[in-house]
Amino acid sequence: MATSRPPTGQGISQPPHSAGKRFKGLRSVLDPSQIPSPASNFWSDQRRWQDRPYNTTTDVEIEIPLAGTDCIYEDQGNSTPRFLRMSTYAMPCTHDLAETCNIPLGFVLQPFADQPPEEQPVPLATFNDQPPPRCDHCGGYINPSVAWSASGQSWVCNLCETSNPVPSEYFSPLDFNGRRMDHNSRPELNFGTVDFAAPSKYNAPQPLPRLLPSFVPTPDSTSRRKSLSSPPDLRDPTPLRTLFVIDVSSTSVHRGLLPTFCESIRVALYGGSPNEVNTGLFNAELNPAMKVGFMTFNESLQFYELSPDQTQPGMLVISDVEEVFVPTRERIFVDPQECREIIETLLDAIPRMFAHVIAPSSALCAALQGSLASLSRTGGQVVACTASHPNFGPGILTPRSEGDLWGTPQEHKLWEPQEVVWRDLAEECAESGVGVNLWVFPDRWADLGSIGSICNTTGGDLHFHPRFQIDRDIHVLQSEIARTLRRTTAYNCSVRTRCSNGLHVSSYISLIHQPTADTLTVGTISADLAIGAKLEHVGNGINDDQRKNVHIQAAVLYTTVEGERRVRVCNIGVRPSTMAGNVFRWGDQDTGVCLMAKEAALTMSRKMLPEIREDLTQRFVDLLVGYRKNCAASTAPSQARFESPTLLRILLILPESYKLLPVFGGAILKTQALKGGPVSSDSRATSRHRILSSGVSSLMSYLYPRTVAVHDLRSSIAFPDPRTGRLSLPAPMPNSYLWMEPDGAYLMDNGFVTILWLGSSVSPQILLDLFGTDDLAALGPRISRLPVLQTQLSIQVRNLIAHEETLRGGRVAPFLVARQNMDGAELEFGNMLVEDENNDMMSYVDFLCHLHRQISDKVCFIHVGQDLRYSDRVYPQLTAAQQTWW
Ligand SMILES: [Zn+2]
């Protein structure tokens, strides 16, 4: 296996286009095969969990699987890490202890995450149109950790310890162990993640009127709340409405994108793509309850009336885009199966109808205002494709002089909407329960800082395709839209988290609309959306009684695609800790790294990038210093340190749970959002959106892509394991040219692009097996997927690509071939080799040295007045360090 053997010493030297930074000082001669490796860590964890499930109650005494490990979770009373993942499973009892440790304290919530078919789906608890039992004091929902007393007449809340009477209809006597007799038949008492059927009083309120609404209310929208003092009208939940919004400006027509949009929407709705065979995405049925509608825009807006009885759709035009309204609510949203014929007619006709449009006018903002107007009474989701920047009507955007803003205190303005109308529209969408998903195909620039804000605020996706080639990439667009339509989607959502006494959520690490201090109001929460949250102690902190767990309960009130109102509750209990050692021992590096990445991305709104990078580096140092000061002495050397004979007795002591922080931390600094060097603000905004909205598993894959040596695959790899039926995965390899060979072939996937790198002296047999030709020069950059060949290697590699696609719900990532020293894609590939010196940043080894020097400075020197001197305890080791390393 690639990871089990050290580099041969050859590797490949970095191509000249890589630009990084060197460590300032004497460079170490650290052996890269001796430092902690993410690849071998992934591999040992994958092997640990591939044959057995992780049980959330009985397996609490072992570390949870890594976020990227393909495994099965069993929910036995705690939410699984798939839905709620903590940064530590030993909660520091006090603020001071948390400060001492310096690990990020919080969690990442992905309440509607996809589950593999082998896992038990989230159960539904029903209460005959009554609210689920809740705590009178804190509002917490009944859950597996509450205590029963008074012969079953009352229950004690595990969050605030208040005793609550049991409603008569929920009463059950207790058995000898104090457990309810009906315990086994109650999902809410057995599972950490559960859905409660919500009664009608939990229906979403109509939003408050705004001073400057985005659209002109029509008489039938009088059900919007009239004022603050009037009681809120509640909306009856309805099946999810999806509005397709299509750019029909001349820019869209001339670039050939209009027929591409229409065809992609048709394929996403009804299938028919050659790619179906590969992804299996289209095996998932479109939810039959979903309703769809269509709208087009250029310098005016066009709505379409549809009905199964019509042969031709009716068009309703709004020509004044300054005063948008909905001309009719009848027959805009229809059943896509019932109206398949007329919808296909419409999608076929739209490119012809607008083929002769001359003006390149794009009233995107007005189109989104019109979308909101049509969904304002119910909520829903928008799927909008745009081929140019908004240049007509409200919210016109002009090119920003990026060069004048970079490196100035005004830099943060690049992440804020240019025009306030974009911010207001985003907030109004979120309050109205509307999520906006945007596909942007810029002609020159897009200003995602402005238009992307609507995705960030409402919980929608932002898909940016700056180099879209129709022939090569149309199947990517089709799969992205199909994924949006087929994944679990909740709408009209609000999120609230309750914690044990002494702990609270201090803030959500998110750009989602937050009208009040403790509640997020989200248009849509899809299976792919995750929300980071920071925890903070209140008062004297939490109870340090080791017999009691610390509890966190995140509740999402939402409407399903079918139009049912529900509350999804995720409960987790973790042990309290009075010792720093335990806080680190039970720390989860993946969640900690993701929280740090999300927080850094969030602070782009108020800090300059160099300052953010400096703060992040300092954060890594503080965490490692926190460990070294408080725990290192008591840690077994074999567990948490590594030595190199060339470094004499220098020790860099790393916590086992955060031993990969230097490489993952470096990877955060190398993301498009945060890296140094020239990157367009649109690319940075896209990367920022990915960091803020991704769950832990997909964000870790984005930070440290999975790379596999294709030429080194054993014959049994990448086929289903006969025992488990699941794909037998190959060992990943370190992301560095140092581990690569010029006669090799390597496959890398970061969730957003898949690159096959081919060495200049790759074996002709490998090319023949994969492409049906042995001529490297014949493979052009226009290859968009591997040909379907019945060779062993072709099947293995296609299985691996399909496996990655399955993990992201069938969404296809663009596939690029990067021939060594031939293709432009090699630059992108090289930038994803995050252990190397690139992206205006040091290599992993250099960054490790850089962190070590800063840690040493902090640990070895103690300030005595103005003088600095060595601390006695570490002096002997660190003098050696001073002499030989620095
Ligand atoms: Zn309570």
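**Figure 1. Packing of helix α7 against helix α9 in the predicted model.** The axes of helix α7 (residues 364–375) and helix α9 (residues 420–431) cross at roughly 20° and come within 11 Å. Axes are lines fitted to C-alpha atoms, for helices over the stretch in contact, and angles run from 0 to 180 degrees between N-to-C directions. Helices (H or I, at least four residues) and strands (E, at least two) are DSSP runs, numbered from the N terminus. α7 and α9 are therefore roughly parallel to each other; angles under 35 degrees count as roughly parallel, over 145 as roughly antiparallel, 65 to 115 as roughly perpendicular and the rest as oblique. In α7, Leu 364, Cys 365, Leu 368, Gln 369 and Leu 372 meet Val 421, Trp 422, Leu 425, Glu 428 and Cys 429 of α9, where contact means heavy atoms within 4.5 Å. The residues of this contact of α7 with α9 comprise 8 nonpolar, 1 polar and 1 charged (Ala, Val, Leu, Ile, Met, Phe, Trp, Tyr, Cys and Pro count as nonpolar, Asp, Glu, Lys and Arg as charged, and the others, Gly among them, as polar). Residues are numbered from 1 along each chain as its sequence is written. In this predicted model, local features need pLDDT of at least 70, side-chain atom pairs count only at pLDDT 80 or more, and totals for chains, interfaces and linings use all residues, while side-chain values use heavy atoms, with hydrogens and water left out.

Figure 2. Cys 138, in the loop between β6 (124–125) and β7 (147–149), and Cys 157, in the loop between β8 (154–156) and β9 (163–165), are 19 residues apart, and the pair links distant parts of the chain.

**Figure 3. Packing of helix α14 against helix α18.** The axes of helix α14 (residues 589–602) and helix α18 (residues 681–693) are 9 Å apart, at an angle of about 135°. That makes α14 oblique to α18. Ala 597, Lys 598, Ala 601 and Leu 602 of α14 meet Arg 688, Ile 691, Leu 692 and Ser 693 of α18. This contact of α14 with α18 has 5 nonpolar, 1 polar and 2 charged residues.
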